[in-house]
Amino acid sequence: MSDISQINQAIMADPQNQTYTAQGIAPLFAAPTTARINIVGQAPGLKAEQSRLYWNDLSGDRLREWLGIDRECFYHSGLFAIIPMDFYYPGKGKSGDLPPRKGFAEKWHPQILANLPNIELTILIGQYAQKYYLPDNKLNVTETVRHYREFAPQFLPLVHPSPRNQIWQAKNPWFKQEVVPYLQQRVNAILDR
C-alpha cells in the first residue's frame, strides 16, 4: 500500500477489526512522514480510545516526562510516530488490559514504517514491543531495559510508564539515574536536528 490513509482504510476494512469498525472506532496510531522517533507500546487504553488521543493519561504524562518534552511537542510537532502493537483497546483482563492481538503488528507495522523514512529511534515500551522488535533477545523486561545500550542506537527499550510501576522504579533506581537521562539526551539530539 502506498500511503498512510490507504493503510488506515485497509486496517478498518480488515475482517479482524470489523467489530471496532462497526462501532465507529477507528484505529489509533500516528504516522506522520516527518517523524523521527517511533514509540511502540502495547495498545491504546480505554481512555485513549474514547478520547481518540493516544497516551492521554497519567502514563502518557510520565512518558513525556521521561522523554523531556511537553504535550505540544508530543502531539503537534510531527516528529513522533505512535505505532502500538495493536491499534485498538483490547479489553480488560484479570490484572489490567488484555494483551495486543497476535499477528496484528506483523500485518501492519511494516506497511506503515515503509512510509516513515526519517525514523532514527524506536522506543519499545514493555514486553510485547520488545519481543517483536528484538526477536533474538531472551532477557526479561527488566534486564532488557538494564542492557539498553546493547540495542542502541536504533532501539531503546523501556518499562511501561504506568503509575503501577512505582514499586518497580523504587527497586530499580538505575532506571531514573541512567536510562531516563540517556533517553532525554537522545531525544533532544534528534529533535534539535
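Here is a short chat about a predicted model of one protein chain.

Me: Let's start with the overall make-up: how many helices and strands does the protein chain have?
Reply: Since the model is predicted, everything here is computed from its atoms. The C-alpha trace of the protein chain spans about 45 × 45 × 35 Å along its principal axes. Its secondary structure comes to 10 helices and 6 strands.

Me: What share of the residues counts as buried?
Reply: A residue counts as buried when its relative accessible area is under 20%. Going through the 193 residues of the protein chain with that cut-off, the buried share is 49%.

Me: And what part of the contacts with a separation of 6 or more comes from residues 24 or more positions apart?
Reply: Take the contacts in the protein chain whose partners have a separation of 6 or more. Among these, residues 24 or more positions apart account for 72%.

Me: Which element gives the most to the largest nonpolar core?
Reply: That core has 35 residues, and Ile39, Leu67, Phe74, Phe80, Leu158 and Phe175 touch the most other members. Elements giving two or more residues include strand 1 (37-40), helix 4 (58-67) and strand 6 (155-158). In general, nonpolar side chains in soluble globular proteins tend to be buried together. Here the element that gives the most, with 9 residues, is helix 10.

Me: How many residues are in the other core that lies apart from it?
Reply: Among the members of this other core are Ile7, Tyr20, Phe29 and Ile83. The core has 16 residues.

Me: Back to phenylalanine 80: which residues does it touch, not counting those up to four places away in sequence?
Reply: Phenylalanine 80 is one of the residues that touch the most other members of the largest nonpolar core. Leaving out residues up to four places away in sequence, phenylalanine 80 touches Pro32, Ala35, Ile37, Ile39, Leu67, Ile69, Cys73, Phe74, Val187 and Leu191.

Me: Is valine 179 buried or exposed?
Reply: Valine 179 is found in helix 10. Beyond its neighbours within four places in sequence, valine 179 is in contact with Val145, Tyr148, Leu158 and Trp174. Its relative accessibility is 0%, so valine 179 counts as buried.

Me: What about threonine 122, buried or exposed?
Reply: Threonine 122 is found in strand 5. Setting aside neighbours within four places in sequence, it is in contact with Asn38, Val40, Gln154, Phe155 and Leu156. With a relative accessible area of 7%, threonine 122 is buried.

Me: Which residues lie nearest the centre of the largest pocket?
Reply: About 1,100 Å³ of space lies in this pocket. Its lining divides into 20 nonpolar, 14 polar and 6 charged residues. Of the 40 residues that line it, the ones nearest the centre are Gln42, Asp97, His160, Ser162 and Arg164.

Me: Which element gives the most to the lining of the second largest pocket?
Reply: The second largest pocket has a volume of about 170 Å³. Its lining has 6 nonpolar, 1 polar and 4 charged residues, including Met85, Arg101 and Tyr128. Giving 3 residues, the top contributor is helix 7.

Me: Arginine 52 and tryptophan 55 both have a positive phi; is tryptophan 55 buried or exposed?
Reply: Arginine 52, with phi near 65°, is in the loop between helix 3 and helix 4. Its relative accessible area is 35%, so arginine 52 is partly exposed. Tryptophan 55 is found in the loop between helix 3 and helix 4, and its phi is near 55°. At 12% relative accessible area, which is under the 20% cut-off, tryptophan 55 is buried.

Terms used: Residues are numbered from 1 along each chain as its sequence is written. This is a predicted model: local features need pLDDT of at least 70, side-chain atom pairs count only at pLDDT 80 or more; totals for chains, interfaces and linings use all residues. Side-chain values use heavy atoms; hydrogens and water are left out. On a 1 Å grid over the protein atoms alone, a cavity is a set of points where a 1.4 Å probe fits but cannot get out, and a pocket is an open set with protein on both sides within 12 Å along at least five of seven lines; lining residues have an atom within 4 Å of a point. Grid points are joined across faces, edges and corners, and a volume is the space filled by probe spheres set on the points. Ala, Val, Leu, Ile, Met, Phe, Trp, Tyr, Cys and Pro count as nonpolar, Asp, Glu, Lys and Arg as charged, and the others, Gly among them, as polar. Helices (H or I, at least four residues) and strands (E, at least two) are DSSP runs, numbered from the N terminus. A nonpolar core is a set of buried Ala, Val, Leu, Ile, Met, Phe, Trp, Tyr and Cys residues joined through side-chain atoms within 4.5 Å. Buried means under 20% relative accessible area, exposed over 50%, partly exposed in between (1.4 Å probe, protein chains only). Contact means heavy atoms within 4.5 Å.
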